[in-house]
Amino acid sequence: MKRTFAAPGRYTQSAGVLAQLGDQAVQHGTSAFMVADDTVWELTSETVEKSFDATAGTFERGRFGGECSADEIDRLTAATARSGADVVVGIGGGKSLDTAKSVAARLDVPVGTVPTIASNDSPTSSISIVYGEDGAFADAETHCRHPEFVLVDTAVIAEAPTHWFLSGIGDALATWYEAKTTWESGGTTVFDDRPTYTGRALARTCYRLLREHATGAVRGVESGSVTESVEAVTEAIILLSGLGFENGGLAAAHAVHDGLTTLPGASSATHGEKVTVGLLAQLVLEGATDRTIDDVVTFATSVGLPTGLADLGVSDPSSEELLEVGRVAADSAGPMANEPTDISAERIADALRVLDDFESAIR
Ligand SMILES: [Zn+2]
């Protein structure tokens, strides 16, 4: 039985740490290419510029258009090559970081990630989720290298809209359940090997931090304050969930997420919101006890996460729509393969159908 553990080179988190971006980047190259959208660049460019002042390095910025699509990756790869950059840095949300990772992989140069929102566990991973121009899930690219550095400025994270932080909590909440399922079913991680004890322990710690600090952390972010709970939950979302999912394994929660991206009504829901509903579907599919499901529904509701399709903005889905979600989720090449039994598209549609009723039964 072969096990693999892999992780980014360095993870640094604190309020104000963005001021060290130049120092971190020049350890990996002399000329950096920054992938950032206009909003993020407006927010960070002054600090980024200053951070390079005292270094021998230079940088150029490429405007990220908003979608991590094949076309956008190609366009920014060409721009990076033209600039002669020898290190790529993604600044922003998961889509800009995933694009930066794919650009760096195509050019075989190191990449650094600077998440400005804690909305998912993309910053530490070696994976890019590529979407079609219609916004539906298209492909998961796995790269040979992890980010060389991950720089997380908690002052920036706490200033961002709370719904992004909630998305991160939802994404991280599923990590332990998916790692546990992968462990018990004899499944594999994104490295195609068995999970390590370390990956499993990190996923467990991620879950514990969320349960102990999520409510306080959401309060902190709501008022733009950096508290110790904000630090703990940011680390759980970005570092522990990232290491936990890659080294612990994904399961039905993320498979159902991929299916939910086909629902037009849910298109404005965040990654973590869809993963939370995917997690509840996973629990139903695995035959979890009422108490377990009740516990997760109560926690999700208490922090403001969705617990059914209606909360995602899909009030009356057709049977065909639900079956399509099920068909995409049941794809055996995806994370559903880590479930202990074969799960059909019909059973996934059924699981999603009961979630809204379950929620109203508890409330
Ligand atoms: Zn995720």
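Student: Is Phe52 buried or exposed?
Tutor: Phe52 is buried, because its relative accessibility is 6%; buried means under 20% relative accessible area, exposed over 50%, and partly exposed in between (1.4 Å probe, protein chains only). This is a predicted model, in which local features need pLDDT of at least 70, side-chain atom pairs count only at pLDDT 80 or more, and totals for chains, interfaces and linings use all residues. Residues are numbered from 1 along each chain as its sequence is written, and side-chain values use heavy atoms, with hydrogens and water left out.

Student: How many aromatic pairs does a search of the whole structure find?
Tutor: The search finds four. Rings of Phe, Tyr and Trp (its six-membered ring) pair if their centres lie within 6.5 Å; planes under 30 degrees apart count as stacked, over 60 as edge-to-face and the rest as tilted. One of them joins Phe52 and Phe59, a tilted pair because the planes stand at 45 degrees, with ring centres 4.9 Å apart.

Student: Which residues do ring pairs link into a cluster?
Tutor: The cluster consists of Trp41, Phe52 and Phe59. Phe59 is partly exposed, at 25% relative accessibility.

Student: What is the geometry of the rings of Trp183 and Tyr197?
Tutor: The pair is edge-to-face, because the planes of Trp183 and Tyr197 lie at 70 degrees; the centres are 4.9 Å apart.

Student: And how exposed is Tyr197?
Tutor: Tyr197 is exposed at 55% relative accessibility, whereas Trp183 is buried at 18%.

Student: Turning to charges, what lies over the face of Trp183?
Tutor: Arg200 does, at 4.6 Å from the ring centre; the criterion is NZ of Lys or CZ of Arg within 6 Å of the ring centre and within 35 degrees of the ring normal.
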